[in-house]
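Colleague: I am new to this model and would like to learn how to read it. Could you take me through its features one at a time?

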Amino acid sequence: MGLQNFKEFVASQDFWKATANTFLLTFLRLLFVFPTTLIAALLINEVRARRFKRVVQSFSYLPHFVSWIVVVGFLDAFLSIDGGAANSLLGLFGIEPIPFMGSEEWFRPIFILSSMWKEVGWGTILYLAAISGINPALYEAAVMDGAGRFAQMRYITLPSILPIISVVLILTVPGLLSVGADQIYAMINPANIGVAEVIDTYVLRLGIGQAQYSQTTAIGLVMSVISTILLLLTNKLSKRFGGDGLW
Amino acid sequence: MNQSRLGDRSFTISNTVILTIFAFLCMYPFWYILILSLNEGRDAALGSLYWWPRVFTLDNYRVMLSDPAIINAFWVTVKRTVIGTFGSLIVTSLVAFALSRKELPGRKQLLLLFLFIMLFSGGLIPFYLQLYHLGLLNNFWVYVIPSLFSVWNMFVMKTSFQNSIPENVIESVKLDGGGYVRVYFHIVLPFSVPLFAALGLFTAVGLWNDWFTGAFYVSDLGLQPLPTYLQRMLSTIEASQKISASSQMAMMNQTRLYNPDAITTKSVRMATIMITMLPILIVYPFLQRFFVKGVLIGSVKE
């Protein structure tokens, strides 16, 4: 007893591999999803044609509302070797079918693209709401000074929504330890498990699958503590650097 | 002046092009699944299907709907979504109402406790063991009871109750001899309909889409919800073989009615995906503005 359970998982190689995969995947997700969302919001904000703007918004929010399991169904259909659109397209260029879903090297791109597809559009809502609160007089003044659309975006829109940007960033930090079991579990198969196994799925497999309750509880506890500390820390840092905190 | 107008135009044009592509990419997967589900399976396996069904058929849907398991899964999902959404709104708003009252004894300590559970979770396995000890594993109520209370929604509601319900209205009900129950039903509920609609929608979508509970906390196939049914179809090899065996059984029984060549496991799967997301696709256009409002309510700081 005592710290035995903690010692056990710290000594496990699979655990460290899952940890490394988790950090890599959540970091890549942040790296791609966060800036894309911001850029998408800035571009949508610049649309003057109301109808077009509404259509783009409606279409881009929709993926947020489907289950991850449905997204994996999409991927499975689109990327399959037997008639999937991706492979038929590649076939036009004489490329042999690629088993995307069952390969280690394609797992990360698929993970990132599906995360982007599902969350980029939805993520723009917060930014767009913040942008709509910017005082129009600022833009008028900028136009008087001869600022073009890009300059307005760079010198007015972006600095004005900085507080929201920092809040969004803070909120993603505790998530760095968790990829989300429901996103990844359905994509894992024996062929890609080396890069796809993350802490969440490792805990599921070991805990519920093999009834290793004590050890997986220890892992869960450590993760919870670390992510809470991370949240408190980033909140503090963000405030120190003049950004907005969560509270 | 002229030059800046030119720059403006090229900006507008390139922006429109980029966002058109963006919107297209968001929608195309839905369209792709739709045409695959309406196309004969054997033919779809030849590939090169992008825009329209090549050999149109409704057999995928017929076969899928002739499987009693999926009809059952559909009703399980409907039931859990309806009960879960209303239950969650009631329980969460009652807690929020109590905590919004300054005269509640121990309010500060309770708020700290709720803040703690919002930030810190015990983890998946303790939760699983807890469900086991409560006898909720393999029980329909595992879909409902654990999601009856949402801390996040509770804080959103509490803030809204405090800010938008005038204190003197509540006082006047109390002066008339009404208790808290009366205040809740006659003041808080009517005042908060838009808030409840927005939060209820998110809860409903979350419950509808949840495959996790059904996959890990329930083993009785008669209790699995639609997304879990789909997950079993998609993920592990053995399970998908089982499902494909059962749908092949269904196919064999139906051969007199349907062209057996038309159907593959994959094409039936496409129809299943369509059915799983259909309710959301149907309500989305009408309720979109509530969703947008809902996310903004949630993001307002106290």
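Colleague: At what angle do helix H7 and helix H8 of chain A pack?

Modeller: Helices are DSSP runs of H or I with at least four residues, strands are runs of E with at least two, and both are numbered from the N terminus. An axis is a line fitted to C-alpha atoms, for helices over the stretch in contact, and the angle between N-to-C directions runs from 0 to 180 degrees. Here H7 (residues 136-144) and H8 (residues 149-160) of chain A pack at about 135°, and their axes are 10 Å apart. That angle makes H7(A) oblique to H8(A); under 35 degrees would be roughly parallel, over 145 roughly antiparallel, 65 to 115 roughly perpendicular, and the rest is oblique. This is a predicted model, in which local features need pLDDT of at least 70, side-chain atom pairs count only at pLDDT 80 or more, and totals for chains, interfaces and linings use all residues. Residues are numbered from 1 along each chain as its sequence is written, while chains are lettered from A and ligands numbered from 1 in the order in which they are written.

Colleague: What is the handedness of the crossing of H7(A) and H8(A), and which residues meet there?

Modeller: A crossing is left-handed if the near helix is turned anticlockwise from the far one by less than a right angle, and right-handed if clockwise. H7(A) passes H8(A) in a right-handed crossing. A contact requires C-beta atoms, placed from the backbone, within 7 Å of each other. From H7(A) come A:Leu138, A:Tyr139 and A:Ala142, which meet A:Ala151, A:Gln152, A:Tyr155 and A:Ile156 of H8(A). These residues divide into 6 nonpolar, 1 polar and no charged. Nonpolar covers Ala, Val, Leu, Ile, Met, Phe, Trp, Tyr, Cys and Pro; charged covers Asp, Glu, Lys and Arg; the others, Gly among them, are polar.

Colleague: Is A:Ala142 buried, exposed or partly exposed?

Modeller: A residue is buried if 20 or more other C-beta atoms, placed from the backbone, lie within 10 Å of its own, exposed if 12 or fewer, and partly exposed in between. A:Ala142 is partly exposed because 15 other C-beta atoms lie within 10 Å. Leaving out residues up to four places away in sequence, A:Ala142 touches A:Ala147, A:Ala151, A:Gln152, A:Tyr155 and A:Ile156.

Colleague: Which residue is 87 residues from A:Ser132 along the chain, with their C-alpha atoms 8.6 Å apart?

Modeller: That residue is A:Asn45. A:Ser132 lies in helix H6 (residues 104-132) of chain A and is exposed, as 8 other C-beta atoms lie within 10 Å.

Colleague: What do the two chains consist of?

Modeller: Chain A has 13 helices and 0 strands, and chain B has 14 helices and 0 strands. Of the 247 residues of chain A, 36% are buried; for the 302 residues of chain B the share is 34%. Among contacts with a separation of 6 or more in chain A, 67% join residues 24 or more positions apart. In chain B, 73% of the contacts between residues at least 6 apart join residues at least 24 apart. The C-alpha atoms of chain A fill a box of roughly 70 × 55 × 25 Å along the principal axes.

Colleague: How many residues does each chain give to the contact between them?

Modeller: The size of an interface is often given as the accessible area lost when the parts come together. Counted in residues, this contact takes 55 from chain B and 54 from chain A. On the side of chain B that touches chain A, the largest share, 16 residues, comes from H1(B). That side divides into 38 nonpolar, 15 polar and 2 charged residues.

Colleague: Which residues have the most contacts inside the largest nonpolar core?

Modeller: A nonpolar core is a set of buried Ala, Val, Leu, Ile, Met, Phe, Trp, Tyr and Cys residues joined through C-beta atoms within 7 Å. The largest has 106 residues, and those with the most contacts inside it are A:Ile69, A:Val72, A:Ile184, A:Val203 and B:Leu230. Neighbours within four places in sequence aside, B:Leu230 is in contact with A:Ile69, A:Gly73, B:Trp211, B:Thr272, B:Ile273 and B:Thr276.

Colleague: Where does A:Ala211 lie?

Modeller: A:Ala211 is in the loop between helix H12 (199-209) and helix H13 (213-240) of chain A. Its phi is near 55°, a positive value in a residue other than glycine.

Technical notes:
Two residues are in contact if their C-beta atoms, placed from the backbone, lie within 7 Å.
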